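Open the model in your viewer and keep the selection tool ready. The tour goes stop by stop.

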Amino acid sequence: MKLIIEEREIIFNTQSTKAKKMTLEATPEGHITLKVPAKTTEAEILAFVKAHSKTILAFQDRVENRKYISSKKNYTEDETFLFQGKACQLGELLETIPETEEEIQLLLKKFYIAQTKVIVKKRVKHFEKLIGVNAKSITVVDSPCSWGTCNSYKELTFNYRLSMAPLQVIDYVVIHELCHIHHLNHDRSFWRKVGAYDPHFKEHQDYLARFGGVMTI
């Protein structure tokens with residue numbers, strides 16, 4: 001069966017069992033099976049899947065991201081790179097593909113810098129209004145050790161690789177840095193403020209910790 005949730009396609013198999021309750025099973029390869037009692041209607045199946053959509057989508061994200069565990073790239077046209085948390089082939093990101101790896105890396109870096117600038121500036125403007133702060137400047141940098149920074153002058157910097165992450169994760173980093181305008185340290189007040197605008201910030205921290213090493217060109 002197939003179901004569209006949050007503009008994403010969920011494909012799953014159904015299997016009739018003698019059990020009284022519906023249960024979900026998923027293989028490491030990404031196959032999802034819904035075991036259902038006899039005489040279960042299609043409407044009941046779809047309602048169950050919708051109710052558990054968050055779990056299913058999270059599982060699909062983990063399966064997708066297993067494709068990028070290696071940070072080594074071949075730089076062929078069908079090589080995949082992350083963009084907003086999705087797999088994109090090199091030919092989808094670059095209009096023309098140069099002959100050398102160095103030229104490809106240079107163009108990819110320019111692409112990600114430009115995309116990160118556009119996305120981050122838009123999200124900063126959005127959350128400035130919600131949080132009630134104003135950043136003095138926004139700069140996209142090549143940083144080996146941080147996803148974002150905020151100094152006492154309200155100057156924000158963001159890692160150019162940030163556009164490789166899903167939008168929710170980008171939002172977390174934006175919120176994190178904007179909240180530093182109120183709290184330059186990481187005390188309880190700071191984390192309470194972050195949590196007020198991103199209740200799932202720990203999941204987004206986990207994403208960066210888990211996949212940051214493969215968000216690379």
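Rings of Phe, Tyr and Trp, the last by its six-membered ring, pair if their centres lie within 6.5 Å. Keep that in mind for the opening stop. Note too that this is a predicted model.

**Stop: the ring cluster**

Select Phe 83, Phe 111 and Tyr 112. Ring pairs link Phe 83, Phe 111 and Tyr 112 into a cluster. A search of the whole structure finds seven aromatic pairs. Zoom in on Phe 83 and Tyr 112. Their ring centres are 6.5 Å apart and the planes meet at 50°, so this pair is tilted. The pair joins distant parts of the chain: Phe 83 belongs to strand β6 (residues 80-83), and Tyr 112 to helix α4 (residues 101-131). They are 29 residues apart. Buried or exposed, Phe 83 and Tyr 112? Both are buried.

**Stop: an edge-to-face pair**

Now select Phe 190 and Trp 191. The ring centres of Phe 190 and Trp 191 lie 4.9 Å apart, with planes at 75°, so the pair is edge-to-face. Colour by accessibility here. Phe 190 is buried, at 0% relative accessible area. Trp 191 is partly exposed, at 24%.

**Stop: the salt bridges**

How many salt bridges does the structure hold? It holds two.

Select Lys 109 and Asp 142. Their side chains form a salt bridge, 2.7 Å from N to O. Lys 109 sits in helix α4, while Asp 142 is in the loop between β8 (137-141) and β9 (148-150), 33 residues apart. Lys 109 is partly exposed at 27% relative accessibility. Asp 142 is partly exposed as well, at 47%.

Next, select Arg 123 and Asp 171. This salt bridge also spans 2.7 Å, N to O. It links helix α4, which holds Arg 123, to helix α5, which holds Asp 171, 48 residues apart. Arg 123 counts as buried at 17%. Asp 171 is buried at 12%.

**Stop: a charge over a ring**

Select Lys 73 and Phe 81. The charged end of Lys 73 sits over the ring of Phe 81, 4.8 Å from its centre.

**Last stop: Arg 161**

Select Arg 161, in the loop between β10 (155-159) and α5 (167-179). Which side chain of opposite charge is nearest to Arg 161? That is Asp 142, 5.6 Å away. Arg 161 is buried yet has no salt bridge. Show its contacts: beyond four places in sequence, Arg 161 touches Ser 143, Trp 147, Gly 212, Met 215 and Thr 216.

Conventions. Residues numbered from 1 in each chain as written. Predicted model: local features only at pLDDT ≥ 70, side-chain atom pairs only at ≥ 80, totals over all residues. Heavy atoms only, no water. Helix = DSSP H or I, 4+ residues; strand = E, 2+ residues; numbered from the N terminus. Buried < 20%, exposed > 50% of the residue type's maximum accessible area, 1.4 Å probe, protein only. Lys, Arg positive; Asp, Glu negative; His and termini not counted. Salt bridge = Lys/Arg side-chain N within 4 Å of Asp/Glu carboxyl O. Contact = heavy atoms within 4.5 Å. Phe/Tyr/Trp six-rings, centres within 6.5 Å; stacked < 30°, edge-to-face > 60°. Lys NZ or Arg CZ within 6 Å of the ring centre and 35° of its normal.
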